[in-house]
Amino acid sequence: MVKYYCCAGLLKSSWDQVCVAFWQRYPNPYSNHVLTEDIIFREVTPTNCLISRRLLTKTSRAPHWMEPYLPKQMASSAYIIEDSIVDPQKRTMTTLTWNISHARLMSVEERCKYYINPENGSCTEIKREAWISTNVYGLSRAVQEFGLRRFKNSVTKTMKGFEYVLAKMQGETPSRTLTETATERARETALAAKEKAKDLASQAQKKQYV
């Protein structure tokens, strides 16, 4: 069973600027979870399309109920493959990313297409699709819901990171306010507390049937 999700985003910068920012978006204040990025290969096709594959290493804190299924040395990190095609003639950039760590427990595939907004040529439209699947019997719904929540949170940070890098490229001085930082940390703390509460409730329910 696969859970599908689709959303759209808009960046108030030209397609050319977004393409440049795409390769310069790490590091930024919203991507502290991205540890490394390495180019595996890159080539230009006869039609002048740029094809790239990169390996990204990210921190990936698993929920408490998932940790017993993960090796201890891998419970807090994940490896991601990112393929991309930049087509300067069609003015599109398409990316496909998927995790190679913990794929049996949860697989997340994401496809993004960046193209010129048809109503405003100075803006860039992003169509984002995701497929979340798992092979964990009996916990598939919980794993997929967890994956979807994490994916949505990641999309929000990705867009903020893009806007930060684009502003910096255009000579502005982007910065995170103390209020914004505190609010984000409060949300993360609340989310962690919510996950812990679910774990405790699940454990309590199991004990009732023992």
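Guide: A salt bridge is counted when a side-chain nitrogen of Lys or Arg lies within 4 Å of a carboxyl oxygen of Asp or Glu. Arg25, Glu37, Arg54 and Glu82 are linked in a network of such bridges, and the structure holds eight salt bridges. The model is predicted: local features need pLDDT of at least 70 and side-chain atom pairs pLDDT 80 or more, whereas totals for chains, interfaces and linings use all residues. Residues are numbered from 1 along each chain as its sequence is written, and side-chain values use heavy atoms, without hydrogens and water.

Visitor: What makes the side chains of arginine 54 and glutamate 37 a salt bridge?

Guide: The N to O distance for arginine 54 and glutamate 37 is 2.5 Å, and the pair therefore meets the limit of within 4 Å. Arginine 54 lies in strand E3 (residues 50–59) and glutamate 37 in strand E2 (residues 34–44), so the bridge ties together parts 17 residues apart in sequence. Strands (E, at least two residues) and helices (H or I, at least four) are DSSP runs, numbered from the N terminus.

Visitor: Why is arginine 54 called buried?

Guide: Buried means under 20% relative accessible area, exposed over 50%, and partly exposed in between (1.4 Å probe, protein chains only). Arginine 54 has 4% and is therefore buried. Glutamate 37, at 31%, counts as partly exposed.

Visitor: Which strands does the salt bridge between glutamate 110 and arginine 128 tie together?

Guide: The closest N and O atoms of glutamate 110 and arginine 128 are 2.9 Å apart. Glutamate 110 belongs to strand E6 (residues 107–116) and arginine 128 to strand E7 (residues 124–133), so parts 18 residues apart are tied together. Both glutamate 110 and arginine 128 are buried.

Visitor: Why is the pair of tyrosine 4 and tryptophan 131 called tilted?

Guide: Rings of Phe, Tyr and Trp (its six-membered ring) pair if their centres lie within 6.5 Å; planes under 30 degrees apart count as stacked, over 60 as edge-to-face and the rest as tilted. The count comes to five aromatic pairs. Tyrosine 4 and tryptophan 131 lie 5.5 Å centre to centre with 50 degrees between the planes, and the pair is therefore tilted. Tyrosine 4 lies in strand E1 (residues 2–11) and tryptophan 131 in strand E7, so parts 127 residues apart are tied together.

Visitor: What puts arginine 25 over the face of phenylalanine 22?

Guide: A charge sits over a ring if NZ of Lys or CZ of Arg is within 6 Å of the ring centre and within 35 degrees of the ring normal. Arginine 25 is counted over the face of phenylalanine 22, at 4.1 Å from the ring centre. Phe22, Trp23, Tyr114 and Phe162 form one aromatic cluster, and arginine 42 lies over the face of tryptophan 23, at 4.6 Å from the ring centre.

Visitor: How do you know that the span of helix H2 agrees with its 30 residues?

Guide: The expected span is 1.5 Å times one less than the number of residues. Helix H2 (residues 140–169) should span 44 Å, and its end C-alpha atoms are 42 Å apart, which agrees. Just after H2, glycine 171 takes a positive phi of about 85 degrees.
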